[in-house]
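Here is a short tour for a first look. Keep the sequence and the structure side by side as you read.

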Amino acid sequence: MEKVKLGKSDVEITPIVFGAWAIGGWMWGGNDDRDAIEAIHASLDHGITTIDTAPIYGFGHSEKLVGEAIKSRSRDKVEILTKFCLRWDTDQGEFYFESKMNDGSSAKIMKYAGKDGIMKEVEDSLKRLGTDYIDLYQIHWHDNTTPISETMETLLKLQEQGKIRAAGVCNYNADQMGEAEQVVTLASNQVPYSMVVRDIEEDVVPYVQENGNGILAYSPLQRGLLTGKITSDYQFGEGDHRPSTKHFKEPNLSRVNEFLMKIKPIGEAHGATIGQLVINWTLQQPGITAALVGARNPAQVIQNGKSLAFTLSQEELDEINSELSKVAIESVS
């Protein structure tokens, strides 16, 4: 898979990124470690060499699995993207939410992006990942108790030390990106983006188009919803967070599935599944550098990798967008 340049940095990544949230087990109803490692190996073997993870994904478990999976590979052939700021081991910073750890115990999740916290987190991540540098280090969520300048000055210091190659942000708006770039050049912003979540088109996309940053789109399949496999009788595992989110509730679930059935023939004309069609559409949207796609086993990785085997014509894009404009997503409790 041909790599693409990430913003103004010298980091090159694959346009499809292995998203390692689900393999951490946290909020996804558990995981199978062997399947997870085999999935990462399949990803690397099929040319998807960029892996995105975070300490909070399984409270370190995802990073450990990534480290285990890549230890037999050449480090310079793999791009590791990880994050900082979401903590379960401190009372510093801004309270985010209550959660459950993988063992079922309670955890208070805090957002903390102070210098001391970052310096601790980077060392912990390097240890779990079994590496001496991180290709892209990203703040996971903005911390209102820490000035953006302090956070970015720390990332700049880590760059100078060679512990990270590039600095990035996640879930930042355009104004926050602009403030951050007064201190450090941002390679990218990792933000939610899918056919049914397109808020970034209003501010973030115009910002990166003007300033040359990359966009890493996470949840392009809307956590599995846009595969067409989530029907009204789908059985979610215990601890799976998805049923509590609005897109998986009625009438939204039915409306999305009706839309997917309408565009399914476009994918079939290219020998593609609905999920592959959706990923392809995502990567053809303005400003999008790469799509983060999760996989919990090798078969899912191989299917994801085939998403770039075709190119949608403008006529096909127009047809998809026309049908998409008719989908009304309601706020439901």
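## A loop residue

Where does Asn-213 lie? Asn-213 sits in the loop between α6 (204-211) and β12 (214-218). The model is a predicted one.

Is Asn-213 buried or exposed? Asn-213 counts as buried because its relative accessibility is 7%, and buried means under 20%. The side chain of Asn-213 also makes a contact. It reaches the backbone oxygen of Leu-186 at 2.9 Å.

## Salt bridges

The structure holds 18 salt bridges. One of them joins the side chains of Arg-128 and Glu-63, at 2.7 Å from N to O. This pair links distant parts of the chain. Arg-128 belongs to helix α3 (residues 115-129). Glu-63 belongs to helix α2 (residues 61-70).

Lys-120 forms a salt bridge with Asp-89, and their closest N and O atoms are 3.7 Å apart. Lys-120 counts as partly exposed, at 38% relative accessibility. Asp-89 counts as partly exposed as well, at 43%.

## Another pair and a network

Glu-201 and Arg-198 meet through their side chains in a salt bridge of 2.9 Å, N to O. Glu-201 is partly exposed, with a relative accessible area of 33%. Arg-198 is partly exposed at 28%.

Which residues are linked in a network of salt bridges? Asp-10, Arg-75, Asp-135 and Arg-165 are linked in this way.

## A negative patch

Asp-32, Asp-33, Asp-35 and Glu-38 form a negative surface patch. Asp-35 is part of helix α1 (residues 33-45). With a relative accessibility of 31%, Asp-35 counts as partly exposed.

Ala-290 is found in strand β13 (residues 290-294). Ala-290 counts as buried because its relative accessibility is 0%. Ala-290 and Thr-90 are 200 residues apart along the chain. Their C-alpha atoms are separated by 33 Å.

Glu-202 is found in the loop between β11 (186-192) and α6. At 73% relative accessibility, Glu-202 counts as exposed. Glu-202 and Lys-111 are 91 residues apart along the chain, and 26 Å separates their C-alpha atoms.

How values were computed:
Residues numbered from 1 in each chain as written. Predicted model: local features only at pLDDT ≥ 70, side-chain atom pairs only at ≥ 80, totals over all residues. Heavy atoms only, no water. Patch = residues over 30% accessible without salt bridge, like charges linked within 9 Å, V, L, I, M, F, W, Y side chains within 5 Å. Areas by Shrake-Rupley, 256 points an atom, 1.4 Å probe, with all protein chains shown as cover. Salt bridge = Lys/Arg side-chain N within 4 Å of Asp/Glu carboxyl O. Lys, Arg positive; Asp, Glu negative; His and termini not counted. Charge placed at Lys NZ, Arg CZ, Asp CG, Glu CD. Helix = DSSP H or I, 4+ residues; strand = E, 2+ residues; numbered from the N terminus. Buried < 20%, exposed > 50% of the residue type's maximum accessible area, 1.4 Å probe, protein only. Polar contact = N/O pair within 3.5 Å; in protein donor to acceptor, adjacent residues only side chain to side chain.
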